[in-house]
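Below are some short notes on the model, for your review.

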Amino acid sequence: MKKISSGVVHKMPADLKKVLTSFPKARAAWEDLTPLARNEWICWVEFPKKQETRDDHVKRTAEELMEGKRRPCCWIGCIHRTDKKIGPSIRGILNRRR
């Protein structure tokens, strides 16, 4: 089986890989994304602190890819990228979460 592509900063987590492997349509959509878009999905999956929320994000990633979505809805964006500065609006959101 061909390797599943990762993101720019984030590597493919095992739980997401398992789901994408189970749904060929989701996997095809995944491979059609840019590395930056894949990075956003992976970060969105890894961001939750609770396992049940993470599990939901993994499931929703496959579902939303099959629906044609290319980025996670309502996601502030990956805060782990070092190649771009975090904008003031995102910084404000992150400060409120602390």
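**Notes on the core and surface**

1. In this predicted model, the largest nonpolar core holds 17 residues. M12, L16, L20, W30, L33, W41 and L65 have the most contacts inside it. Two or more residues of this core come from each of helix 1 (14–22), helix 2 (24–32), helix 3 (35–46) and helix 4 (51–66). The most is given by helix 3, with five residues. In soluble globular proteins, nonpolar side chains tend to be buried together.

2. L16, listed above among the core residues with the most contacts, is worth checking by its partners. Leaving aside residues up to four places away in sequence, L16 touches W30, I42, V45, V58 and T61.

3. Is helix 3 mostly covered or mostly uncovered? Helix 3 is mostly covered, with nine of its twelve residues buried. The buried residues are A37, R38, N39, E40, W41, I42, C43, W44 and V45. Helix 1, helix 2 and helix 4 are included in what covers them.

4. The length of helix 3 is consistent with its residue count: at 1.5 Å a residue, its twelve residues should span 16 Å, and its end C-alpha atoms are 16 Å apart, which agrees.

5. On the surface, V8, V9 and L36 form a nonpolar patch, with about 190 Å² of accessible area together. V8 lies in the segment before helix 1. V8 counts as partly exposed because its relative accessibility is 39%, and that class lies between the cut-offs of under 20% for buried and over 50% for exposed.

Methods: Residues are numbered from 1 along each chain as its sequence is written. This is a predicted model: local features need pLDDT of at least 70, side-chain atom pairs count only at pLDDT 80 or more; totals for chains, interfaces and linings use all residues. Side-chain values use heavy atoms; hydrogens and water are left out. A nonpolar core is a set of buried Ala, Val, Leu, Ile, Met, Phe, Trp, Tyr and Cys residues joined through side-chain atoms within 4.5 Å. Buried means under 20% relative accessible area, exposed over 50%, partly exposed in between (1.4 Å probe, protein chains only). Helices (H or I, at least four residues) and strands (E, at least two) are DSSP runs, numbered from the N terminus. Contact means heavy atoms within 4.5 Å. The expected span of a helix is 1.5 Å times one less than its number of residues. Patches are made of residues with over 30% relative accessible area and no salt bridge: like charges are joined within 9 Å, nonpolar side chains (Val, Leu, Ile, Met, Phe, Trp, Tyr) within 5 Å. Accessible areas come from the Shrake-Rupley method with a 1.4 Å probe; for residues, only the protein chains shown count as cover. A salt bridge is a side-chain nitrogen of Lys or Arg within 4 Å of a carboxyl oxygen of Asp or Glu.
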